Amino acid sequence: MKNITKLLFTLSLLLSFSLGVLGQVRINEIRADDASSDDIEFIELIGVAGTDITDYQIYHVNGSGDSEIFTHTIGSFTIPDDGITDNDSNSLGFYVLGASSFSTGTDESTSGSLQNGPDGIILYNASGDVIDAVAWQGAGDISTDITTTGSSSADNYLHVTSDDDSGDNSLQAPDDVVGDDGSGWTLASATIGSLNDGQTSGSIVLESSVKSEPANHASSFSASGSINSVDLSWTDATGSPLPDAYLIRVSDVSFGSISSPSDATAVTDDSDLSDGSGALNVAIGEESASFTGLDETTTYYFKIFPYTNSGSDIDYKTDGTVPEDDATTLETPDIIFNEILADPDGSSGDANGDGIVDTDDDEFIELVNYGATDLDISNWVFSDNNTDRYTFPASTTLKPLQAAVIFGGGTPTGDFGNSFVDSTSSLGLNNSGETITLKNGSGIEIISLTYGSEANSDESITRNPDLTGSFAQHETADTKDASSFSPGTRIDGTYFQPSTVITGSAGWRLLSLPVEDGTVADISDNTAVQGVSGGDNSGSDPNFFYNPAFDGSDQSDYLVPTNTTTPWGDGLGFFLYFFDNSTAGSSPLPITLDAFGNAPDTDVQVTVSDTWTLAGNPYNSNLSIDDISGDDGGNGVNDGLMSPVYLYDSSGWVTVNLGSGYVIGDWSGFFVQRFSSSTTQLTMPTSAATTDTVKLSKLDTGTNFRQVDLLLEAPGGLSDQTNKLYFSDHSTSGKDGFDGGKLTPMNGSPYMAFENDFGNGKELLVQDARPLNPAEEMWYELVIGDNGISGTYTLTWPELKNIPEDWEFTLNDYETGESVIMAPGTSYTFEVEATQKQKKTKTFRVSTAQAKPEDVSSRFSIVLKTSTTTSTEQVDTPESFALRQNYPNPFNPNTTIEYSVSEPAPVILTVYNVMGQQVATLVNETKSVGTYRVSWNATDMASGIYHYRLQAGNQVLIRQMTLIK
């Protein structure tokens with residue numbers, strides 16, 4: 001045997017150079033030379049759970065006697081898992097060898113006695129390799145007294161490792177070991193089968209022994225891209241030494257951008273690839289790994305490096321040919337399970353519409369492409385609990401917002417919302433819950449859904465709201481009619497894709513596509529579209545027109561789309577004629593138009609280059625018209641626009657004012673007029689899209705305006721419902737943004753308009769706006785465009801909105817001399833002898849032109865009086881000298897002139913022609929303070945411009961009027 005000096009030297013060498021080739025087990029605690037009994041002395045080993053230590057040997061040397069005390073061979077034993085976990089996620093267990101049996105369940109006993117020094121222990125594995133070793137010499141050679149202190153009951157209790165059990169082999173006495181709680185250890189207190197601080201669970205470091213660099217690289221390294229992830233596989237390296245683990249490095253740039261790791265510098269896992277690189281450590285034996293959460297349609301580059309040891313001892317193999325491979329992630333398909341009907345008992349009805357109620361056949365799954373592009377699902381497989389149930393045929397493509405419905409069997413009958421519809425022999429859906437999946441043709445899982453017992457009802461479960469919500473039972477989710485299922489459509493039975501129903505009879509409709517980059521092809525599958533290149537009826541007269549800008553003249557700038565597949569522009573409306581027949585691709589009305597696609601997700605801007613623009617709601621929702629704006633800040637209405645805007649319904653034109661809280665529906669086109677040439681752009685922000693279900697109606701009209709709607713009803717059921725008396729705090733008696741121009745009806749119907757001259761010639765207006773609270777009487781002049789239609793007409797005022805009780809409107813008929821107080825619920829009927837030629841409209845040409853003053857003549861006036869004015873000759877005391885515009889103007893042959901004097905004075909009111917010749921004296925007398933009216937009959941005068949002059953004392957006022965005969 002060796003002497004003690006040699007023993008200690010040998011142990012030192014073993015500790016420094018040969019420690020544990022395998023590094024899976026080590027000596028953790030020793031109790032030696034117990035004064036009371038040798039039977040409770042012990043040696044404690046700690047190791048990775050699952051490590052087989054059968055035939056390991058514990059070799060005990062007594063240095064003082066230079067002799068072997070004992071050699072203990074461990075019997076058949078595997079380190080157990082007692083719940084302690086190190087920072088490499090290894091479960092650790094304990095093995096305790098004592099002079100007598102302990103009750104830990106992981107012990108063996110032997111004979112022999114441990115000394116307080118000098119003494120030593122060497123641990124060998126079954127192959128004779130040194131795994132660990134420790135030696136001690138007794139008092140003076142270790143940091144404090146570990147020998148007996150003279151007390152017959154003192155025990156020597158040694159911790160081989162440091163406080164954190166990190167395995168640094170610093171032999172310490174109990175007094176010097178500080179626990180996790182900061183306290184010292186009590187002499188003679190052992191921690192058998194636990195860590196230094198008594199814990200049997202926690203995180204510790206089990207150091208690996210130092211090995212040489214791995215002999216070889218891994219082989220067959222490959223990368224395979226899936227959706228947002230890449231799967232890696234390889235075959236472990238062979239030869240000696242084997243790797244302890246592998247480092248995988250990844251880059252989204254190139255192989256060359258991946259640097260080799262450096263020995264003695266461990267690389268930690270980095271799963272965040274936002275900076276373009278990452279790393280992953282994988283233990284030997286796993287032979288696979290995955291990187292998840294990756295960007296789609298991105299190529300990633302991988303290299304794999306084997307290494308031995310860990311921490312500062314880590315040794316990477318970087319020479320030779322380092323295995324590498326790349327993979328590209330797939331694009332994430334925008335598809336979702338939206339509705340499921342599992343095992344219905346039949347009481348809810350016939351889901352597949354084949355006329356037979358069947359538990360198996362009426363089962364269905366509903367998938368929806370919620371993306372913005374076509375989705376090819378050819379050869380994709382639907383599975384139920386890992387059993388393939390249905391494979392989509394080749395060349396199966398779902399358009400944006402198109403559903404696919406697969407029934408359990410039968411012959412599905414119905415349109416199912418224009419979905420792809422098919423059946424299979426069995427779907428095997430379980431109403432108590434299960435997992436269903438959709439895989440692509442390469443077997444990569446696209447989506448997976450696990451549902452539960454909520455499906456255990458004779459109704460479907462459906463996302464609520466559709467596409468985005470959580471699953472709910474259908475009868476509860478459907479607030480419309482509590483239906484039990486809705487295969488191929490939304491919960492309420494409407495289409496997933498934007499759609500609208502065209503009702504009524506043949507004729508023009510003013511529409512707008514609620515999908516981004518819409519084309520004629522989006523709707524030509526629903527109805528006949530003629531005269532467009534590439535279409536089915538390209539040789540016929542066109543029935544489809546759009547108009548980016550026109551100056552108000554008839555047929556100005558109406559354009560036919562270039563072809564069926566080129567967009568004409570988001571936010572532009574169009575006219576489409578519906579034939580109401582079954583010829584050349586048409587269908588009898590009503591029909592449903594649909595467009596597969598998504599609405600723009602950003603603000604939509606339209607170039608405005610002339611007076612009028614045919615715009616359209618670009619969103620698949622209603623549009624708050626108040627949020628539309630121009631780009632001419634502070635001018636007109638909403639920064640550069642005129643109000644109202646024109647829409648079109650089955651009765652003809654409808655006008656709505658900006659600022660009045662109106663919403664217009666999806667699919668709706670409208671005409672908007674700019675205030676001046678300074679307005680070059682129209683914006684419809686995404687914030688204008690509203691989920692409110694009211695279409696072409698008022699939401700919150702407020703009280704900052706007053707409005708009187710005028711309705712003209714003509715023979716033959718024709719009408720004009722566009723004209724309004726309008727008052728707001730943004731309007732004046734002069735020209736402003738609410739004095740919108742008048743468009744004539746497309747169908748040649750008679751119309752009515754306001755006539756006014758703001759200093760640039762007469763204009764016909766759809767409304768003549770005035771201040772919210774006028775300071776004086778308001779006079780309006782109305783013209784009738786009969787469009788060649790004689791007969792009985794009726795003028796009504798169906799709505800007086802926010803009109804004060806003290807306001808009184810009087811309608812005056814110039815031809816009959818009648819006057820009517822426009823009280824709520826009253827009307828005025830009159831006869832018209834047509835003076836115009838009847839307008840003939842072509843079926844395939846729209847006619848939307850600004851009404852011209854020279855085409856019509858004055859027929860009515862409306863006078864507004866408030867409580868501050870009267871209709872008598874002398875009224876309340878005026879505050880100023882004033883001469884008002886004659887009424888009506890132009891006139892034939894009678895007109896009325898109103899004037900005010902603020903102090904008694906001689907008054908002269910005279911009329912002059914354009915040559916400056918006086919042709920009439922209307923007043924020449926002294927007047928007291930007051931407001932007066934005087935009439936002039938110009939029967940003997942020639943048509944033309946006249947001036948009337950008022951002189952009161954030294955004050956003179958002059959105005960102009962026009963006589964038309």
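This is a predicted model: local features need pLDDT of at least 70, side-chain atom pairs count only at pLDDT 80 or more; totals for chains, interfaces and linings use all residues.
For an example here, look at strand E21 (residues 364-369) and strand E26 (residues 403-407), which pair in the antiparallel sense over 5 bridges.

## Salt bridges across the chain

Now for the charged side chains. Side chains of opposite charge can pair when their charged atoms come close. In this model the count comes to 14 salt bridges.

One of the salt bridges joins the side chains of Glu763 and Lys735, at 3.0 Å from N to O. Glu763 belongs to strand E51 (residues 762-765), while Lys735 is in the loop between strand E49 (724-728) and strand E50 (751-757), so the pair ties together parts that are 28 residues apart in sequence. Glu763 is partly exposed, because its relative accessibility is 24%. Lys735 is also partly exposed, at 37% relative accessibility.

## A network of charged partners

Another salt bridge links Glu777 with Arg933, and their closest N and O atoms are 2.4 Å apart. Where do the two residues lie in the chain? Glu777 is in the loop between strand E52 (767-771) and strand E53 (778-785), and Arg933 is in strand E63 (residues 930-937), so this pair ties together parts that are 156 residues apart in sequence. Glu777 is buried, with a relative accessible area of 9%, whereas Arg933 is partly exposed at 23%.

Arg884 and Glu898 also meet through their side chains in a salt bridge, with 3.2 Å from N to O. Arg884 lies in the loop between strand E59 (882-883) and strand E60 (894-901), and Glu898 lies in E60 itself, so the pair connects parts that are 14 residues apart in sequence. Glu898 is buried, because its relative accessible area is 5%, which is under the 20% cut-off. Through shared partners, salt bridges join Glu776, Glu777, Arg884, Glu898 and Arg933 into one network.

## A buried histidine

His474 is found in helix H2 (residues 474-477). Is His474 buried or exposed? His474 counts as buried, because its relative accessibility is 0%.

Which residues does His474 touch, leaving aside those up to four places away in sequence? The contacts of His474 include Glu339, Glu459, Ser460, Thr462 and Phe485. Among the others are Ser483, Ser484, Ser486 and Ile491.

## A nonpolar patch on the surface

To finish, turn to the outside of the model. Val914, Met915 and Ile945 form a nonpolar patch on the surface, and together they have about 320 Å² of accessible area. Met915 sits in the loop between strand E61 (905-913) and strand E62 (918-927). This residue, Met915, is exposed, because its relative accessible area is 68%, and exposed means over 50%.

Definitions and conventions: Residues are numbered from 1 along each chain as its sequence is written. Side-chain values use heavy atoms; hydrogens and water are left out. Patches are made of residues with over 30% relative accessible area and no salt bridge: like charges are joined within 9 Å, nonpolar side chains (Val, Leu, Ile, Met, Phe, Trp, Tyr) within 5 Å. Accessible areas come from the Shrake-Rupley method with a 1.4 Å probe; for residues, only the protein chains shown count as cover. A salt bridge is a side-chain nitrogen of Lys or Arg within 4 Å of a carboxyl oxygen of Asp or Glu. Helices (H or I, at least four residues) and strands (E, at least two) are DSSP runs, numbered from the N terminus. Buried means under 20% relative accessible area, exposed over 50%, partly exposed in between (1.4 Å probe, protein chains only). Two strands pair if DSSP finds at least two bridges between them. Contact means heavy atoms within 4.5 Å.
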